[in-house]
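Here is a short briefing on one protein model. Look at the structure, then work through the points below.

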Amino acid sequence: MRASDAIIKSLEEEKVHMIFGYPGGAILPFYDSLRTSNIEHILVRHEQSAAHSASGYARATGKVGVCTATSGPGATNLITGIATAYMDSIPLVIITGQVDSNFIGKDVFQEADITGATEPFTKHNYLVKNAQDLPKIIKEAFYIASSGRPGPVLIDIPVDIQKEHIKYDYPKSVNIPGYKPTYEGHAGQVKRALQKLKASQKPLICVGGGIICAKASKELKDFAEKAKIPVVHTLMGIGALPSDSPYYVGMVGSHGHSFSNQIVMESDLLMIIGTRVGDRATAGMKLLNEKQNIIHVDIDPAEVGKNIDTTIPIVGDAKNILKQFSNKCTTLQTDAWMEKINQLKETYHKEELDASHVNPKKALNFLSKVVDDEAILAADVGQNQLWAARNFKIKGNRKFFTSGGLGTMGYSLPAAIGAKLAFPEKTVICVVGDGGLQMSLSELGTILENDLNIIILLFNNSRLGMVRELQDIHYESNYFSVTLNKNPDFVKIAEAYGLPGKKVTSQKEFEETIQGALTSKKGYFIECVVDSDFSTL
């Protein structure tokens, strides 16, 4: 069997149904085998989008996303997407073509050391030197990408290796010395954590994307309800607990809700689960106090205690640990604590929603009310990301995707494409700013080619709004290179790609347009004109 055929057959063994990619000379044997397979290939318009789309597909389905590109610039164009997935713990397998084995290291045409370049932000990567190893490597790659803390694994395959003939034998199991993820928490540490919890007067759970990766939302809900503990979340933890839960509080961090941050500061015991506790989540450590007991649960031992001092570290899978907590905990007397939290939330909502003028916050709140409970929203990076994170409510089976760790502009449109291809029947909304849209504008071609009914909600303030705010705060409002006054007519561009669109300038127009777009069940482009001085928070 040709090695390229063996690659495809191995992918079929892993139940791969879709690959996002962009062909080139060094990956053509792979494409020639892909051509006659049942795996669908989505031709994106830029390799970076292949990785983002595979990421959106992985987040929507819970499966490993797969993307591919040729050697050299094709492979290096994937890098930002790979790093984005790594930071957010998204399982990807990336297959890149490489120049002929005999030419590696000789700076031949379209050669780049992609395994060296991606080593810091892949869980593992392979440069295939023996074609016979390919089935074993692919089996391992899928296992590594999806087990423990999920993440990207890259397989770089020289073009001559792809052309060889091998004896195909796909392994049934994986044995990787030194790679044994820990799923069960240490019983002694779990017991200590529950003892601390029992003595707590103001306990609080803070969750991140690890809850979603571990599919532990039910276990989180069960534990919070049984023990009566309020829950805050990081940006990546949006959706871990439905926003209509009585124990849901809100988002924490430098761009979180003020009442959530106040509650974090006042809590005497903080249970951190499935989050690396990044600087944005702690607002540069300002949210933590020295008197707090901190219990940190994470499947990645490298993350526990990395950014904050921890009273009780527990390494393990969030789903398993939460089950143990739930089975062994007692109901706490948190009525007074919960009453205070609800009072703070009430005050906030009065302040936030009483605004009479049209703004993105109101627009996203309105969207929350009219969209169905199966919808997927992919937010880009910048002000639009935080407007969406703070105001789009997650309930039912809704999902919220964004680039939380790396903060990659241009993420949301290709991620929305991946999500829509995974679930064509679901409403998929892309929220983006005018800066981010122009980093992935060419993917409107992918939408057109695949007839995808995605609603694109553009908040156009003709600015790099968040950077402008930083210049406001730290550089005495000396604005420089943050103005996008020469933006094109975005609606005309969308229409040129076959997507109907409308520019709206008032709240009434927005509400009428978004309702029409949602009921039409067709793709639509809505450009919402935003005051350039409108703030993020």
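In what order do the six strands of the open sheet stand? The order is 9-8-7-10-11-12, with parallel pairing. Two strands pair if DSSP finds at least two bridges between them. Helices (H or I, at least four residues) and strands (E, at least two) are DSSP runs, numbered from the N terminus.

This is a predicted model: local features need pLDDT of at least 70, side-chain atom pairs count only at pLDDT 80 or more, and totals for chains, interfaces and linings use all residues. Residues are numbered from 1 along each chain as its sequence is written, and side-chain values use heavy atoms, leaving out hydrogens and water.

- Strand 11 (residues 293-298) pairs with strand 12 in the parallel sense over four bridges.
- Val297 has Ile314 in strand 12 as its bridge partner.

**Helices on the sheet**
- Helix 12 (residues 258-266) lies across strand 7 (203-207), strand 8 (231-233), strand 9 and strand 10 (269-273).
- Helix 12 runs at about 110° to strand 9; angles run from 0 to 180 degrees between N-to-C directions, with axes fitted to C-alpha atoms, for helices over the stretch in contact.
- Helix 14 (residues 318-328) packs on the sheet, touching strands 10, 11 and 12; contact means heavy atoms within 4.5 Å.

**Helix 5**
- Helix 5 (residues 79-87) has buried residues, including Ile79, Gly81 and Ile82; buried means under 20% relative accessible area (1.4 Å probe, protein chains only).
- Ser89 follows helix 5, with a positive phi near 60°.

Conventions. Buried means under 20% relative accessible area, exposed over 50%, partly exposed in between (1.4 Å probe, protein chains only).
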